[in-house]
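Open the model in your viewer and keep the sequence beside it. We will go from stop to stop, selecting as we go.

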Amino acid sequence: VEITWHFAAAYPQPDARPGMMELQWIQHMLDTCATIDDIATAVDKVRIMPMGSQLHFHVLDAHGNDAVIEFISGKAVLYRGKDQPVHALTNQTYSECLAACANFQGFGGDRPLHMTIADPDRFVALAAAVQHPGRKKKLIERAWALLEEVHCDLKESPTQWRFVYEPKKLEIHIRTLKNPVLRKVSFKDLSFDCAPGAQLLDLDEGSGDLGKSFVAYTPAFNEALMRRTF
């Protein structure tokens with residue numbers, strides 16, 4: 001489950017369903033759902049009780065399927081299959097970005113691509129790019145190239161991290177602003193046994209395969225992260 005900020009997000013009002021904050025909702029989906037079909041069934045059984053983050057969600061499963069989930073006017077809206085012609089997500093409402101495509105070159109309009117890093121410009125740039133996947137490049141190289149096309153390097157708000165997911169291989173590739181060296185987390189290196197307790201990884205540290213670099217969660221680490229962030 002990946003997230004991006006969504007200024008138009010409007011979560012459900014309190015009702016009889018169990019409520020959980022945004023990140024708990026992500027953990028609940030990961031803990032109880034194995035496929036996109038599972039999430040489509042589960043999404044209305046609980047509600048997000050927000051702690052302040054307006055988000056929408058891009059979900060992947062190990063079969064390579066994906067979907068976009070947004071909360072519009074208090075209801076969950078799920079885009080997949082024919083309702084998801086573009087496999088991309090930025091910060092504006094998915095349906096609004098789709099509608100805006102018609103204004104751009106290559107989609108019937110006259111607005112040039114890559115004019116700004118705002119939405120829907122970034123979304124349409126991705127929509128154009130995924131139509132031409134670059135057959136001469138490996139998929140992983142093409143993915144990094146797509147991220148390069150839409151990243152932000154403005155001093156006041158640069159892109160902090162980039163991930164490339166390979167859901168069928170169960171691998172996550174990582175680059176961050178502070179550590180641009182390409183690194184990888186492979187699920188085969190992880191233990192999902194609950195006995196050792198929660199494990200964490202500092203995304204700005206390490207090199208190579210990071211599966212063995214996870215350490216035990218501590219309140220002290222969490223406090224240091226919060227202080228560094230805010």
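**Stop 1**

Select Ile-72 and look across to strand E6, where Lys-75 stands opposite. Keep in mind that this is a predicted model.

Now show all of E6, residues 75-79. Strand E5 runs antiparallel to E6, and five bridges join them. The two form a hairpin with two residues between them. Click Ser-73 in that turn: its phi is positive, about 50°.

Find Val-59, and you will see Ala-67 of E5 opposite. This hairpin has five residues between its strands. One of them to click is Gly-64, with a positive phi near 90°.

How many of the seven residues of E5 are buried? Six are, so E5 is mostly covered.

**Stop 2: the cores**

Select Trp-25, Met-29, Phe-57, Ile-69 and Phe-71. These have the most contacts inside the largest nonpolar core, which has 19 residues. Helices H1 (22-32) and H2 (36-42) each give two or more residues to this core, as do strands E4 (55-60) and E5 (66-72).

Go back to Trp-25. Beyond its close sequence neighbours, its contacts include Met-20, Val-43 and Ile-48.

**Stop 3: an enclosed helix**

Select residues 121-131, helix H4. Why is H4 largely enclosed by the rest of the structure? Because nine of its 11 residues are buried. Phe-123 and Leu-126 are among them. Finish by showing H3 (94-100) and H5 (139-150), which are included in what covers the buried residues of H4.

Note on methods. Residues are numbered from 1 along each chain as its sequence is written. This is a predicted model: local features need pLDDT of at least 70, side-chain atom pairs count only at pLDDT 80 or more; totals for chains, interfaces and linings use all residues. Side-chain values use heavy atoms; hydrogens and water are left out. A nonpolar core is a set of buried Ala, Val, Leu, Ile, Met, Phe, Trp, Tyr and Cys residues joined through side-chain atoms within 4.5 Å. Buried means under 20% relative accessible area, exposed over 50%, partly exposed in between (1.4 Å probe, protein chains only). Helices (H or I, at least four residues) and strands (E, at least two) are DSSP runs, numbered from the N terminus. Contact means heavy atoms within 4.5 Å. Two strands pair if DSSP finds at least two bridges between them. Lists of a residue's contacts leave out its neighbours within four places in sequence.
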